[in-house]
Amino acid sequence: MSIDVTEVATASGALPRRLSDDVLWGGGCLPVPYKSKLLHGHFGVYVVKFDGGAYLVDTGYPVMAEEMERQLDEFLGDTPVDYIFPTHPEIPHAGLLGRWLEKYPNAVVIGDTRDFHLYYPEQMASGSFRHFAAGEALDLGDRVLTFVPAVWRDLPSSMWMHDSATGILFVSDAFAFLHPHEDGECDRLASEQETPDLETAQFFNNAALFWTRFGDVEGTFPDIDELLTRLKPTMIAPAHGAVCDNVEELVPFFKRSMTS
């Protein structure tokens with residue numbers, strides 16, 4: 001059952017925002033100086049309920065810890081977090097992992113966990129981590145989570161994930177762009193705002209995906225096309241940008257943003 005965009009909760013101006021009864025776009029935004037302006041950059045976290053539990057995509061930026069915990073408690077109630085998927089071991093994406101492992105002691109960390117023993121040796125030894133390679137999947141009963149290569153990645157261990165029930169593709173640092181620092185801007189879907197500014201998207205890519213300044217970016221386009229054609233995501237959910245509900249419309253824009 002994919003998400004019907006017509007049923008998504010109306011934007012309130014600030015995160016969190018429910019994408020459906022079972023999907024929360026949480027986290028928040030931080031100001032980013034850009035030229036003579038002050039823009040905002042998302043530090044998003046996604047919380048998804050499934051039959052009997054819930055999972056997190058990324059953990060939240062540590063400076064947002066108290067707010068993120070409030071969002072989790074309000075959205076989940078008594079529903080436990082069974083799985084945590086940090087897209088890669090970087091502070092904005094995995095910085096609150098220890099906090100959530102303490103809050104949800106039965107949770108299992110999933111994804112490419114090759115480096116996490118360096119940060120959490122005791123939890124690794126106790127079985128709190130389960131490594132998945134690209135192409136492998138986790139069957140949750142009412143959906144399958146498929147781990148896919150992070151074509152536009154930050155670190156070698158970065159990974160993306162697709163949820164078969166919602167159709168959402170979680171893409172970590174990819175598909176990112178800054179947005180205006182104004183009331184009512186932070187929780188808009190991509191279709192609810194003007195076409196993102198190309199220069200601000202390039203600004204972010206040059207900082208977070210620095211290899212784009214030196215590598216053959218266009219050589220990655222066939223991989224992106226193949227992935228999107230095969231998965232047909234209903235939404236693309238980045239950590240540092242608005243949720244893209246108009247996928248086909250924005251893919252050419254994001255390709256341009258990767259080439260400068």
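## Contacts and the model

Two residues are said to be in contact when heavy atoms of one and the other lie within 4.5 Å. The structure is a predicted model, in which local features need a pLDDT of at least 70, side-chain atom pairs count only at pLDDT 80 or more, and totals for chains, interfaces and linings use all residues. Residues are numbered from 1 along each chain as its sequence is written, and side-chain values use heavy atoms, with hydrogens and water left out.

## The nonpolar cores

A nonpolar core is a set of buried Ala, Val, Leu, Ile, Met, Phe, Trp, Tyr and Cys residues joined through side-chain atoms within 4.5 Å, where buried means under 20% relative accessible area, exposed means over 50%, and partly exposed lies in between (1.4 Å probe, protein chains only). The largest such core has 55 residues, and those with the most contacts inside it are Y55, I110, W152, W160 and F170.

When neighbours within four places in sequence are left aside, the contacts of W152 include W160, F175, W211, F221 and M258. Another core, of 23 residues, lies apart from the largest one, and among its members are V47, L56, L97 and L101.

Helices (H or I, at least four residues) and strands (E, at least two) are DSSP runs, numbered from the N terminus. In β4, five of the five residues are buried: G53, Y55 and V57 cover one side, while A54 and L56 lie on the other.

Two strands pair if DSSP finds at least two bridges between them. β3 and β4 pair in the antiparallel sense over five bridges, with Y46 standing opposite V57, and the two strands form a hairpin with two residues between them, where G52 in the turn has a positive phi of about 100°. β4 also runs parallel to β5 (residues 83-85), to which three bridges join it, and here Y55 stands opposite Y83.

## Helix α1

Helix α1 (residues 65-76) has twelve residues and reaches 16 Å from its first C-alpha to its last, close to the 16 Å expected at 1.5 Å a residue, a span taken as 1.5 Å times one less than the number of residues. Its buried residues are A65, M68, E69, Q71, L72, F75 and L76. Seen down the axis of α1, these fall within an arc of 160° and so line one face of the helix, the arc being that of the directions from the helix axis to the C-beta atoms. The face turned away from this buried side carries the exposed residues E66 and E74.
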